[in-house]
Amino acid sequence: MAITHATSTVVGFKLGSAVSGSNKFSGDIAEVIAYSSALTADDRDKLFCYLANKYDVKVKNAFCDISPIGNDSIVIPIKVLDNHTISLVGEISPTYSMASGSLGTVNSVGLFTAMGAAGSASVLIEDVDSSVFTINFDVVEHEIPTIWFKADAISGISDGSVVTKWADSSGNGYDSFASASTKAPIYKENQLNGLPVVRFDGVDDFLATNKETYVNGTGARTIVAVITNANDSGTDLRLIAEYGTTWNATQLYGLSYRTGVSPYEVGNIYGGSTFNGGTAPSASAMLLVIQYDGSDDYLYVNGAFSGSNSVVLNTVSWSSLKIGSNHTGNGGFFDGDIAEFMYFDSFLTSSQRQALEAYLQTKYGIN
């Protein structure tokens, strides 16, 4: 059935009431958008998700897993010399230009090409209504992870505040959340080479990502973490991160260290049965990299090879990735600080891993 509307412009557009002035609205309005054309279903969904993300409205829509672009506070990570097509939501006929002093190029359809060295770049976007906003790019020399948590990217809270949300800096929308403020880690400034960390108490603090899509089966993967002040007392297993299902040895994957054994070990533990590692955790900073290529696991500590193990995984994304606890969030709580965490859905090559290690060791002053 088709419905035909016959509208008039004799009476001006009214907000908060009918055109007659009656039926007045009682409440708050955050934003109103009017178009002079009918949106396509795709454009409507994009606009819907843009507003849902902007105002933190929880919705059930696959597209809404993608954070909206077109907000000055958003920083998009990109590798040197790579390209990124700027995807706008709710904008009409935009034009693109590089901000003054920025290195890089952008073409007429929003394809940004990064500079050949690490740094920052900004693209100016002007809409048909002359509104202007900025897209900021963080150009780095290492691979971009699938999930990326950086303590130095946290904003809006002060030293000692609880971290109830740790936003994903990869741009893929894997934000992590605390189940309650009483179970949230805290933000601590100036802890590692002048940079902040997220501190977990080893009792009940943990964060869980809002999505459950990770590498399954025997798929290749890489986990990277920068930790410090790791408590090695007691005999507990402490999980820096873990995901999977059950306590089956091959269905879990994560990064952990076990205390109270000699020597103390750092590495990957598959549900308590297979351990890979041999380096003691300590109060000093540690850069941990664990990789799986489909048949073997490899552990690197502070840029040095620390051990390997043969195992056929059958990981299942039954639970969200947990930061600071086991996959259920009810044990194995990490006692220490996390400065940075990365998850890749690939096995980094030696040159890729070494470039990443060099970047993190320089950033955090790790020898």
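These entries record what I looked up on sheets and aromatic rings in a predicted model.

Entry 1: I then followed strand 6 (residues 119-126) and strand 7 (residues 132-140), which run antiparallel and are joined by eight bridges. Within strand 7, I found Ile 135 as the bridge partner of Val 123.

Entry 2: I next examined an open sheet of three strands, ordered 2-5-4 with antiparallel pairing. Two bridges pair strand 4 with strand 5 (residues 111-113), and I located Thr 105 opposite Thr 113 of strand 5.

**Entry 3: aromatic pairs.** I recorded nine aromatic pairs. One of them is Tyr 243 with Tyr 343, edge-to-face at 5.9 Å centre to centre, with 80 degrees between the planes. Tyr 243 belongs to strand 15 (residues 237-244) and Tyr 343 to strand 23 (residues 335-344), so this pair ties together parts 100 residues apart in sequence. I checked burial: Tyr 243 is buried, at a relative accessible area of 0%, and Tyr 343 is buried, at 1%. I also noted one aromatic cluster formed by Phe 149, Trp 166 and Phe 341.

**Entry 4: charges over rings.** I found Lys 150 over the face of Trp 148, 4.5 Å from the ring centre. Arg 221 lies over the face of Tyr 253, at 4.8 Å from the ring centre.

Technical notes:
Residues numbered from 1 in each chain as written. Predicted model: local features only at pLDDT ≥ 70, side-chain atom pairs only at ≥ 80, totals over all residues. Heavy atoms only, no water. Pairing = 2+ DSSP bridges. Helix = DSSP H or I, 4+ residues; strand = E, 2+ residues; numbered from the N terminus. Phe/Tyr/Trp six-rings, centres within 6.5 Å; stacked < 30°, edge-to-face > 60°. Buried < 20%, exposed > 50% of the residue type's maximum accessible area, 1.4 Å probe, protein only. Lys NZ or Arg CZ within 6 Å of the ring centre and 35° of its normal.
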